Amino acid sequence: MSQQLASSDSTTREKREKLVEVRDLKTYYGDSGMFGGPPVKAVDGVSFNVFRGETLGLVGESGCGKTTLGRTLLQLEDATGGEVRYDGTDITELNSDQLYEWRRNAQMVFQDPDSSLNDRMTVGEIIREPLDVYEWETPADRRDRVRELLETVGLRPEHYFRYPHQFSGGQRQRIGIARTLALEPDFMVLDEPVSALDVSVQAEIINLLEDLQEEFGLTYLFIAHDLSVVRHICDRVAVMYLGNIMEIGPTEELFTDPANPYTHSLLSAIPAPDPTDTAERITLHGTPPNPRYPPSGCPFNTRCPARIRPPEYEHLDDEVWQGINTLRDVLLERKRADRSIRERIRERLGRQTRFATVEETYDELFGGLQIPANAESSIEQIVEHASNNDEEAALDVLTEEFGSICESEKPEYHTVSETGRKSFCHRHDGEHRQPSQVLEERY
Amino acid sequence: MSMETVGQDSDTDETPLIDVRNLQTAFFTEKETIRAVDGVSMDIDSGETVGVVGESGSGKSVTARSIMGLVEAPGKVLEGSSIRFHQLETVRDYADRFSGHTVDLTELRGEHDPQELLGRIQTEVTAETFGRERRDEITLTDILAAGFGDEMGITDEDDCVFVTERNGDSPQDITAGFIEVTRLDGERQRQMRGGRIGMVFQDPLTSLNPVFTVGNQIKEALNLHRDLSGEEATREAVELLEAVGIPDAGRRVNEYPHQFSGGMRQRAVIAMALACEPELLICDEPTTALDVTIQAQILELLAQIQEERDIGIMFITHDMGVIAEVSDKVNVMYAGEVIEQADVYSLFENPKHPYTRGLLRSIPGTQSGERLETIEGNVPTPTESASDCRFAPRCPEAFDACEVVHPSHVEVGEEGDDHTAACLLYPEEMPETRRVNVHREATSDDRRGDSA
């Protein structure tokens, strides 16, 4: 039923009006100053559209840049590059007066209802504040407007004079929503609005948001890490990883037939509320890389379960591959870890340091595994470089021997379905097998 | 009918690793008494994962903290509560080291008659106080373990090791017995907490000390509980970190918590909890603060640890998906009480209590309808002992009797399923008035109506 809805939706979407157009948007932190080191690339060149009246979901692990992206769209963070066109105007170019005017149209609901409301103000004052800031009508009108808003979000007008601490988490989130509605915005960024709430309360807030969207024709950017919530509320979903959008397309389609390996892994990691569910899980190893030092090529290559392997090693045992990947993580970390002076001296004197345990790591990773001769000699070479504390050379050998297009080139966006769903992966380029095929084989 | 088959004495039948009976924990404030945990009973076997699920404020964490002995003033575990730790090796060890705190029930049984003792208890007690069906099933063990022996001069306040069966006089001859966790204090408490029962908390950042290296903190546990120090402790710490899947453990052991990522920190916390080789691991929302992909890693790790070490796990979470994945048995908690208890398959296939049903239905993505179903209202804060069903004000199926009769657990599943729910709608096949009577009698006093 909902799938039918989604597909009929998608055909009409093409004719729909674009409300927000994002082109190659970049937000970097800490790139100023001579000693800042490389910047943190929180958002690293994303492009997408938000159509009027739709809910676009933005999902990803923590640290993938989804909140930064949401904040940049509202100009709460300065964009480093690219443009955000809102109804045709590029808001990254606006000066502060113009921005003040524009901001009436776009509002944000924050994740934590405990910290986003001022405990010293009454509920009425909190909701009235945006009206005061924009000097909306007369003070008496504003008070009436607040009472009306309280009712809209399912609270009672007499709550006007109460303080936030007198309310439960769900009610506080309602207050936050009332405040964002005060100026009748068109576009709302909802930053994890339900993650801090219990399931049953969460369901109430989701219903409220859906009702409000219908009533006021709102457009939502819904940021969340809970995929089941996203599946319920969103028309389209964008999956983010390390500052890049990995896949974007209609919700049902993306959930039932994901194209990108990352989407596959993310979906497979959600525990289903069904104990009889025996679907094989793709467990990603390690954690997302540091956005200050993103990997070259595809951002997901360090953890990708469907990574393209060099043809001669295509059939190498999965455990060996896992070992190689972990070895690379270890080397990268060691390269970046600072050596203290004491450690350098110990190193000079030939004493054991905390870095001189590569052999142990090797045993831990590859002990007891059958490694083909050609792979083994390369691994030994890597370990030898590493034990001489030359991580750079070790990594070079590793990349040369076991690397592929995934490490050397940034992928492009490939359209993967009729609805215009896009996926950011080398495997769609026609030369390689599709991710779903590979994943099925490997898992 | 009962939650376990009742033998001559509770400890002769197949014993779980830990047996929680009628646990009541209350917080005494100037304004009111909050009964955060109000009569919770559950048991956990070795190698088994028992899930505890409920909304915030339902008493999940307080249950865990009561077992760990971490309830602080103004909180108190009330008289009548009993948490029995049955692992034989530990009982022998305790009987050996703390012989002055050991109660030999094999001797006492000849001297006292439980029924006569019951009459001497000052406060009002019912069969339910001891987790029993009928008054004549109450044993001496029940009375003493629940702490009523103190006022009668049979036990001392700090007695905590109860021996129920033995073949000879030495501690090694004990064949059955338990340690009453609610009566532990001082050194005995410290040996149990961390040593036999480990705990993993929700937020890995707050459960690690930022000014000590991770290795240091693991070594502290090793030092306290296993008497390891120096090189030996470091080696063990590295091995533990490896066991929980931290690569390059030799280097990591000297790093500080802030140098670890969220998932790694939780792994380190698990390594700390495992350092003393506990028999029972209590996980209080261990994955709530983590991303799904990391959560999957941690759940996999816990399953692997359980398989290797055959430990019992109590897993607290509010995520029904996680519960379905990890647990063998599930306890659904609401306002301080367990309202439904079942193995994981029956619970998800056939939820009986209206609250469980509501909870399962409010998960987005599991229903086809446009709107999500919700449970109106909030979890109440229980301030008095229950004389009604605490869920009644929010229950879509509530009727008049729900407000005056406190439901007791009745069998709701297939024969031998051990699926129970505390709701006046059951036993289903009875007409309403008889159903209500079953519950009324079960809670008011001993004799209960014919079995379901």
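## Burial and backbone geometry in chain B

A residue counts as buried if 20 or more other C-beta atoms lie within 10 Å of its own, with C-beta atoms placed from the backbone. By that cut-off B:N22 is buried, because 21 other C-beta atoms lie within 10 Å, and in this predicted model the residue is found in strand β1 of chain B, which covers residues 18-28. The phi angle of B:N22 is near 45 degrees, a positive value in a residue other than glycine. B:A335 also has a phi near 45 degrees, again positive in a residue that is not glycine, but its place is in the loop between β12 (329-334) and β13 (337-343) of chain B. With 22 other C-beta atoms within 10 Å, B:A335 is therefore buried.

Most residues other than glycine have a negative phi, and most peptide bonds are trans.

## Chain A as a whole

The secondary structure of chain A comes to 17 helices and 12 strands, and its C-alpha atoms fill a box of roughly 80 × 55 × 45 Å along the principal axes. Of the 443 residues in chain A, 43% are buried. Among the contacts in this chain between residues at least 6 apart in sequence, 69% join residues at least 24 apart.

The mean pLDDT of chain A is 85, and 90% of its residues reach 70 or more. Over residues 1-11 of chain A, however, pLDDT stays under 50, and for this stretch the model has 11 contacts beyond four places in sequence. Where pLDDT is low, the predicted coordinates should not be read in detail.

## An open sheet in chain A

Chain A holds an open sheet of 4 strands in the order β2-β1-β4-β5, with antiparallel pairing. Strands β2 (40-51) and β5 (89-90) of chain A stand at the edges, and each has a single partner strand, so one side of each is left without a neighbour in the sheet. Within the sheet, strand β1 (residues 18-29) and strand β4 (residues 81-86) of chain A pair in the antiparallel sense over 5 bridges, and the bridge partner of A:E21 in β4(A) is A:R85.

Helix α2 of chain A, residues 66-73, packs on this sheet and touches β1, β2 and β4 of chain A, while its direction makes about 60 degrees with that of β2(A).

## The contact between the chains

The contact takes 40 residues from chain A and 42 residues from chain B. On the side of chain A that touches chain B, the elements that give two or more residues are α7 (199-216), α8 (227-233), α10 (261-269), α11 (318-336) and α13 (358-366) of chain A. The most is given by α7(A), with 6 residues.

Conventions: Residues are numbered from 1 along each chain as its sequence is written. Chains are lettered from A and ligands numbered from 1 in the order in which they are written. This is a predicted model: local features need pLDDT of at least 70, side-chain atom pairs count only at pLDDT 80 or more; totals for chains, interfaces and linings use all residues. Two strands pair if DSSP finds at least two bridges between them. Two residues are in contact if their C-beta atoms, placed from the backbone, lie within 7 Å. Axes are lines fitted to C-alpha atoms, for helices over the stretch in contact, and angles run from 0 to 180 degrees between N-to-C directions. pLDDT is the predictor's confidence in each residue, from 0 to 100. A residue is buried if 20 or more other C-beta atoms lie within 10 Å of its own, exposed if 12 or fewer, and partly exposed in between; C-beta atoms are placed from the backbone.
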